[in-house]
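Please keep the structure in view while reading the numbered points.

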Amino acid sequence: MTQYRVTGMSCAACSARVEKAVSGVAGVQSCAVSLLTNSMGVEGDADPAAVIAAVTEAGYGASLKDAAQPEASEDALADTETPRLVRRLIASAVLLLVLMYFSMGHMMWDFPVPAFFAGNHIGLSLLQMLLAAAVMVINGRFFVSGFRAALHRAPNMDTLVAMGSGVSFVWSVCIVFAMTRADSEAAHSLMMQLYFESAAMILTLITVGKTLEARAKGRTTDALKGLMSLAPKTALILENQVEREVPVSQVRPGTVFVVRPGAAIPADGIVRSGAAAVDESALTGESIPVDKAAGDPVSAGTVNKSGYMTCEATKTGEDTALSQIIRMVGDAAATKAPIAKLADRVSGVFVPAVLAVAAVTFAVWLLLGQTPAYALARGVSVLVISCPCALGLATPVAITVANGVGARHGILYKTAAALEETGRVQTVVLDKTGTVTQGAPSVTDLLPADGVTESELLTLAASLEQFSEHPLGRAVTEYAQARGISLSDADGFSSEAGAGVSAQVGGHALRGCNGQTAAGICDIPEDMQRQAELLAGSGKTPLWFIRDGRLLGIIAAADTIKPDSAFAVAELKKLGLSVIMLTGDNARTAEAIGRQAGVDRVISDVRPDGKEQVIRELAEQGTVCMVGDGINDAPALTRADVGMAIGTGTDIAVDAADAVLMQPSLTGVLNAVRLSRAALQKIRQNLFWAFCYNIIGIPLAAGVLVPFGLTLSPMFGAAAMSLSSFCVVTNALRLNLFKPVTSPETADVRDTKIIEMKGRNQTMKTLEIKGMMCPHCEAHVKKALEGIGLTVQSVSHESGTAAVEAAETVDEAAIRKAITDAGYELTGIR
């Protein structure tokens with residue numbers, strides 16, 4: 001999409017005119033003009049010069065965004081319009097107050113005036129004319145824009161305002177000339193037909209509305225400006241072990257830079273040395289800082305909260321994740337939602353229709369015997385109360401605000417159509433691996449044989465698997481290392497496909513294999529066989545470990561579901577959505593994960609090309625959203641009405657999707673749907689208000705309700721017009737109050753089923769611990785808890801919790817003492 005900046009537009013009729021002109025240029029496939037951002041997005045291979053020429057011929061200005069603004073910056077979004085309008089408004093209001101004093105204050109309430117004007121009707125009239133003319137000169141932009149548009153046969157809102165004010169002024173000038181030939185009494189009577197104050201009041205009140213509208217519109221890009229402000233202006237690079245501060249534009253891929261506490265990271269990169277807690281909330285919406293160590297990726301615009309890191313840049317400038325987010329939000333703002341088409345069609349004929357209604361109103365009142373002044377007042381009221389701006393702003397302002405709010409919470413819609421379609425979704429289809437689950441296996445259960453402790457089983461198994469390349473073997477080793485277990489040397493390691501691994505550890509022959517192989521090597525107790533079958537039935541993979549021909553025990557591993565998957569699925573179902581899990585895994589594993597997540601339906605054993613066919617069939621029953629993260633999900637993401645990619649997924653998946661979730665969490669899907677529905681609600685409210693305002697206001701201004709004693713002066717019509725756009729924009733700004741749903745801290749979707757083990761019931765307990773500050777603290781707490789016989793599943797200094805396996809009746813005093821002796825404080829057990 002080629003982006004252009006368009007100048008000279010003042011209402012929806014202008015944007016419709018530009019869109020129509022550009023759509024006729026050879027090579028243009030589609031064109032979307034945004035009145036809110038004064039921008040235009042053009043799809044196709046049309047010559048930019050031809051596009052600009054078409055816009056110019058239509059009476060407006062255009063330039064390539066890349067030429068006018070080489071790169072996104074806060075200056076590009078700076079609100080320069082509001083200060084200019086405020087100055088115009090102040091000058092207009094001062095002159096209007098003086099005009100009103102002489103025109104209404106003196107004439108109606110006999111306010112005192114200088115002796116020169118006492119009884120001098122011509123002098124008073126000329127003064128009013130000069131003051132009104134000054135207000136018209138100050139607000140000359142309405143006349144220039146309005147009459148230029150009329151000359152190009154594309155009248156807009158400015159045309160209505162200019163004609164309303166101009167006709168009132170010209171009529172009043174004619175009355176002044178008539179007064180020069182009338183006697184004193186007739187001149188006094190003619191003064192009551194002057195509309196100089198109406199001409200000035202119309203312009204001033206419209207300027208009030210424009211000022212409020214511009215101020216509100218400026219706030220719609222606050223989120224985007226906030227993202228731009230994250231990018232640091234300088235970077236601290238490391239050359240020959242010497243730190244040097246340089247402009248961030250000098251950072252290139254491969255540059256080594258330093259990040260101190262409190263500093264923003266200048267480029268995407270990889271940590272080479274050091275460790276830190278990095279606040280990534282601006283990109284992902286996650287408020288808890290993420291620990292970074294050597295080898296971990298970092299993103300531009302994120303902030304180092306504590307620690308010192310040396311990093312190597314991998315992506316800089318426009319290639320960083322932050323720049324891509326900014327570009328994606330900007331592109332979405334330049335596109336048009338399908339719901340806006342009705343307003344566009346109406347706006348295209350709105351102004352000519354209003355001009356015709358005003359002319360008919362004037363003629364009808366004359367035919368009914370009213371004075372020209374009365375008929376003129378009704379016609380002018382019709383001109384100034386009509387508001388195409390409210391129609392034109394109803395959709396884009398809500399889309400822009402929603403995109404900004406989404407970006408702030410880690411939800412990126414690529415187009416306005418994607419945002420709208422997300423709110424209409426009826427079925428959510430979830431890929432399993434990496435979307436519902438963690439995407440990598442982890443240890444879930446330890447079942448030692450009689451006479452073997454859990455610690456012994458884990459130590460020997462991890463020592464055997466430390467050289468294994470198999471994901472399940474790595475899961476066992478990582479589980480042991482995370483718990484501070486020292487591994488023994490393994491000699492003669494060998495791995496045979498289908499037969500497992502073997503090695504000599506501590507002078508003993510160790511073997512790790514599947515159940516079928518284990519049954520041919522050693523005797524399997526019935527209770528262990530039953531436990532293994534239960535584990536396999538729940539989607540886990542039992543790993544059998546044997547020492548010198550005797551069973552050591554079983555370690556089960558599985559690709560476990562993410563902590564908030566079940567919560568997110570339950571909330572999606574509360575929204576009335578059908579949730580389906582689609583996977584290439586076998587039926588038994590898929591059904592087990594599906595039960596834990598709580599989905600409505602599981603579709604398993606599906607190949608990548610089959611996923612696309614499944615989505616095609618589901619789409620026949622209603623709007624479908626597909627959520628995935630892998631290359632194999634790309635066809636299905638493309639086929640779905642809305643494709644959502646997890647931000648941690650592959651580039652192919654992200655490119656194929658219509659929306660990107662920066663967090664690897666299903667709550668992002670939930671919040672994307674909620675935000676889209678909220679935006680659609682605001683759009684519908686805005687369109688309802690805009691249509692109803694014009695449907696009621698125009699007949700009222702024309703005098704249809706005069707028989708019932710209801711009429712509307714031009715001044716009140718102008719006030720109503722100015723407030724209508726302001727109300728539409730303000731209503732859309734309420735989207736900034738959107739609060740994303742987060743999974744409750746107590747949600748723990750791990751398998752907490754009581755396991756019969758070593759003759760006692762075990763269940764999961766969560767300990768709340770105060771005082772942990774880093775991973776070293778986690779290791780101290782683990783060691784202390786294991787020292788009193790507890791099986792520690794995980795410890796997190798970020799959430800201040802430890803998950804342990806314990807008897808239902810827990811000796812709280814022993815746990816408290818162990819944690820206190822380690823230097824921390826136990827605050828609760830749940």
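Is Asp 821 buried or exposed?

1. Asp 821 is exposed, its relative accessible area being 57%; here exposed means over 50% relative accessible area, buried under 20%, and partly exposed in between, with a 1.4 Å probe and protein chains only. Lys 817 also counts as exposed, at 55% relative accessibility. Their side chains form a salt bridge with an N to O distance of 2.9 Å, the term denoting a side-chain nitrogen of Lys or Arg within 4 Å of a carboxyl oxygen of Asp or Glu. Both residues belong to helix α31 (residues 812–821) and are four residues apart, about one turn of the helix.

2. This is a predicted model in which local features need pLDDT of at least 70 and side-chain atom pairs count only at pLDDT 80 or more, while totals for chains, interfaces and linings use all residues. Residues are numbered from 1 along each chain as its sequence is written, and side-chain values use heavy atoms, with hydrogens and water left out.

3. The protein has a mean pLDDT (the predictor's confidence in each residue, from 0 to 100) of 81, and 84% of its residues reach 70 or more. Over residues 745–762 the pLDDT is below 50, although the model gives this stretch 43 contacts beyond near neighbours in sequence; a contact means heavy atoms within 4.5 Å. Where pLDDT is low, the predicted coordinates should not be read in detail.

4. In total, 11 salt bridges are counted. One of them joins Asp 431 to Lys 611, with the closest N and O atoms 3.0 Å apart. Asp 431 lies in strand β13 (residues 427–431) and Lys 611 in helix α25 (residues 608–619), so this pair ties together parts 180 residues apart in sequence. Helices (H or I, at least four residues) and strands (E, at least two) are DSSP runs numbered from the N terminus. Asp 431 and Lys 611 are both buried.

5. Lys 540 and Asp 445 form a salt bridge at 2.8 Å between the closest N and O atoms. Both residues are buried.

6. An open sheet of four strands runs in the order β2-β3-β1-β4 with antiparallel pairing; strands pair if DSSP finds at least two bridges between them. At the edges stand β2 (28–34) and β4 (61–64), each with a single partner strand, so one side of each has no neighbour in the sheet. β2 pairs with strand β3 (residues 39–44) over six bridges in the antiparallel sense. Ala 32 stands opposite Gly 41 in β3.
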